[in-house]
Amino acid sequence: MTAQVESVPLAAEQAAPAASAPRVPRAPLWQAAPLGLVLLLFFVLPLLATAVVSFWDYTEYSLVPDITLRNYREMFEGCADVSAGGCTTLRTYLSTFRLCAEVALVTVPLGFLVAYFLAFHVRGEGVRMALFLLCTAPFLTSNVIRMVSWIPLLGREGVVNQALLALRVVQQPQDWLLFSEFSVVLAFIHLYTLFVVVPVFNSLMRIDRRLIEAARDAGASAWQTLWHVVIPLAKPGIVIGAIFVIVLVMGDFVTIGVMGGQQIASVGKVIQVQMSYLQFPAAAAQAMVLLALVLLMIAVLTKLVDIRREL
Amino acid sequence: MDETAKIGRRGLLAGTALALAAPAVQAQGAVTLRYVGTAVNQHQGIREKVRQDLGITLDYIPVTSDDVVRRAVTQPNSFDILDSEYWMLKKIVPSGNLVGMDANGIAKVGEITPVFTKGEIGGRKIGLQGTAPSKVMYLPQQNARTFANEPTRWLTLIPTTYNADTLGIRPDRIGRPIESWAELLNPEFKGKASILNIPSIGIMDAAMVVEALGQHKYADKGNMTRAEIDLTMRVLTEAKRAGQFRAFWKDFNESVNLMASGETVIQSMWSPAVTAVRSKGVPCVYQPLKEGYRAWAAGFGLPKTLTGRKLDAAYEFINWFLSGWAGAFLNRQGYYSAVLSTAQANMQAYEWDYWMLGKPAAQDIKAPDGTVMEKAGAVRDGGSYEARMGAVACWNAVMDENDYMVRKWNEFIAA
């Protein structure tokens, strides 16, 4: 998504000189051209194609070029009728948003804690880098494996349930441990906390240590220093980390599918089902709505912190 | 294939001339056929045997069943042979990407089981609800985009395998006889049931349940009206909200794991998945039910663009497939082959008795790779070929209201 933010000024820069102003130095344009071209080919064009297809009609076996609102209409069918518990689309988005919120509420403080420890409590530079690399170690295996490895642990006859039964904490195996919202959130935390650690760590490392000394000299307690000095300065990292996590959860369907026992709705899953039934226009419309909502959320988050200025 | 290849093949069959024959095949430049299909029929054993017997290399491209349709419709140049299920034809044939196969080029076409050609077995009609193969078996012309109502010279697919699906259960956990599809939604198994999350198949399993519960009698479970879809999904949604389902599964391994780990005790299942659970030492039964089976069938189709030597090779491969070795190979895994006589000739008598006649195994039943699947004395779940295929109630299908059904299924998942 950060790439997308950059692409707008790039495109503007490219368009302007072609039209009239020959005075503009050429070198920066050439330097920006490769990235601009890549973004144009692999980002802007597919996005435009998706937008166009979302207005097409379709049959069982073919796409019909057209301008129809059918896909959008069907998506929001019944949404006005609140008494029936809202329409599918609404419920699906609510379920996805709830997951995003739950995951962000855990990963952000957790990621901050880890980054804080690495940045302020670990003294040696070498040890710090070693520990930081250790954090990335789980990423050496595929995320599907990391996710699936929870299943034998949390299952009805899994390790956790056996331990709980043996310790007589519970009388019956606990079903809510697996194929539930709990297991989905747990897997997400496992998968995505690092995406918060990295940007927050980066922000924390750039804090001038003299500011913290100054705060201490001025009589601030440890909490006050944290709250009034460290967190405000770490805000760009926190927001970037939150954006990473939210965007990843919004578009996910594999983790929600596997850990939720396919019983929990997500927007990504809906799109995947539509794609597999060759309902590309419906999936494209769904993707456009998802994109709009994600952009909206990012706009709100970036309003909280001006990332470009802070960086 | 022309004369040199045939000489090469005889040489191979003679065995001793193997070293001489191989160069003869090589000299032509080996033919490679790109074979798109679900992994069901894509076995290394078949691949090696085809290379030995015909000198043809099969380039397996395993994809999910949804992707088979997507490939056939959107990328018809990306394969030379399509291993498709019959229900997919309702989506693929209108696209005009497949070509009718000439019955005159298929030696055993007259011996294909009447399940496909007439929709009957042993002279008795079987259940034809849904996309029964006999409804989509023939084309009026070679390049037609619609189906013919009676047998013609042009075949859509040459059938390879088919089977009758039912519920898998854990007899050790249930401890009583299970006889009806209605048991899937029995509150006794709350939190321990599962259904497959492939809308077009899942809804038919659900329809079997609804009918077994006596809530509705469908005119055609494979082609419901909107009202029927609504009713079926309402029953499923109520069960889901009540916590009936532990999880839904989407692929073979998920279904095996759910059952083997004790997460579920009753669920929709595929035959080899039951075998896989049993091979882990976990008791599992592919339970015959009084309302009958939901059947499926697959076959080979050829893309319109196939020409020349590749086209000849494709026909040669298909003829080989029906000639017995592959049929026996598939029968030994619990599937059924399209031409029974040739498969029987390639199986031991005790194997035929166990798999096809439903008799107790006279000796240990082994999988193609040699592992013991069933001990001597075991009887196949559901019994003989005629008992199982004769009790088919409906076939995997694409409904006319497919779009609506997919939307309702998404609603059900979100519920």
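Predicted model: local features only at pLDDT ≥ 70, side-chain atom pairs only at ≥ 80, totals over all residues.
**Entry 1: the three-stranded sheet of chain B**

I found three strands in the order 5-10-9, with antiparallel pairing. I then asked which strands stand at the edges. They are strand 5 (101-102) and strand 9 (138-139) of chain B; each has a single partner strand, so one side of each is left without a neighbour in the sheet. I looked at one pairing in detail: strand 5 of chain B meets strand 10 (residues 154-155) of chain B in the antiparallel sense, over two bridges.

**Entry 2: the five-stranded sheet of chain B**

Next I turned to another open sheet in chain B, with five strands in the order 14-13-15-12-16 and mixed pairing. The edges here are strand 14 (245-249) and strand 16 (285-287) of chain B. Each of these has a single partner strand, so one side of each is left without a neighbour in the sheet. I noted that neighbouring strands of this sheet are turned against each other by 25 degrees on average, direction ignored.

I followed strand 13 (residues 193-196) of chain B to its partner, strand 14 of chain B: the two run parallel and are joined by four bridges. Within that pair, Ile195(B) stands opposite Phe248(B) in strand 14 of chain B. Which helix packs on the sheet? I found helix 10 (residues 252-260) of chain B there, touching strand 12 (167-169), strand 13, strand 14 and strand 15 (266-268) of chain B. The direction of helix 10 makes about 155 degrees with that of strand 14 of chain B.

**Entry 3: the domains of chain B**

I looked up how chain B is divided. Its domain assignment gives domain 1 as 3-164 + 296-345 and domain 2 as 170-294 + 368-414. Taken over C-alpha atoms, the centres of these two domains of chain B are separated by 28 Å. Their contact takes 23 residues from domain 1 of chain B and 22 residues from domain 2 of chain B. On the domain 1 side, I listed the elements that give two or more residues: helix 5 (89-92), strand 8 (129-130) and strand 11 (158-165) of chain B. By class, that side of domain 1 of chain B has nine nonpolar, nine polar and five charged residues.

**Entry 4: where the chains meet**

How many residues of chain A are in contact with chain B? I noted 24 residues of chain A, in contact with 30 residues of chain B. Helix 4 (88-121) and helix 13 (267-276) of chain A each supply at least two residues of the side that touches chain B. I sorted that side of chain A by class and got seven nonpolar, ten polar and seven charged residues.

**Entry 5: chain A, domains and a helix pair**

The domain assignment of chain A gives domain 1 as 1-8 + 28-45 and domain 2 as 54-310. I noted 26 Å between their centres, taken over C-alpha atoms.

Then I picked out a helix crossing. The axes of helix 2 (residues 27-53) and helix 14 (residues 280-304) of chain A come within 8 Å and cross at roughly 115 degrees. The crossing of these two helices of chain A is left-handed. Helix 2 of chain A brings Thr50(A), Ala51(A) and Val53(A), while helix 14 of chain A brings Phe280(A), Pro281(A), Ala284(A), Ala287(A) and Met288(A). The residues of this contact divide into seven nonpolar, one polar and no charged.

**Entry 6: what the record says about chain A**

Residues 129-151 of chain A are 70% helix and 0% strand, with end C-alpha atoms 32 Å apart. Residues 176-201 of chain A are 81% helix and 0% strand, and the end C-alpha atoms are 34 Å apart.

The unreviewed UniProt entry also has the annotation "domain: ABC transmembrane type-1", covering residues 93-301 of chain A. In the model, residues 93-301 of chain A are 78% helix and 0% strand, and the end C-alpha atoms lie 19 Å apart.

Key
Residues numbered from 1 in each chain as written. Chains lettered and ligands numbered in written order. Domains from an automatic or database assignment. Contact = placed C-beta atoms within 7 Å. Nonpolar A, V, L, I, M, F, W, Y, C, P; charged D, E, K, R; others polar. Pairing = 2+ DSSP bridges. Axes fitted to C-alpha atoms, helices over the stretch in contact; angles between N-to-C directions. Left-handed = near helix turned anticlockwise from the far one by under 90°. UniProt positions renumbered as here; feature names shortened; annotations may be inferred.
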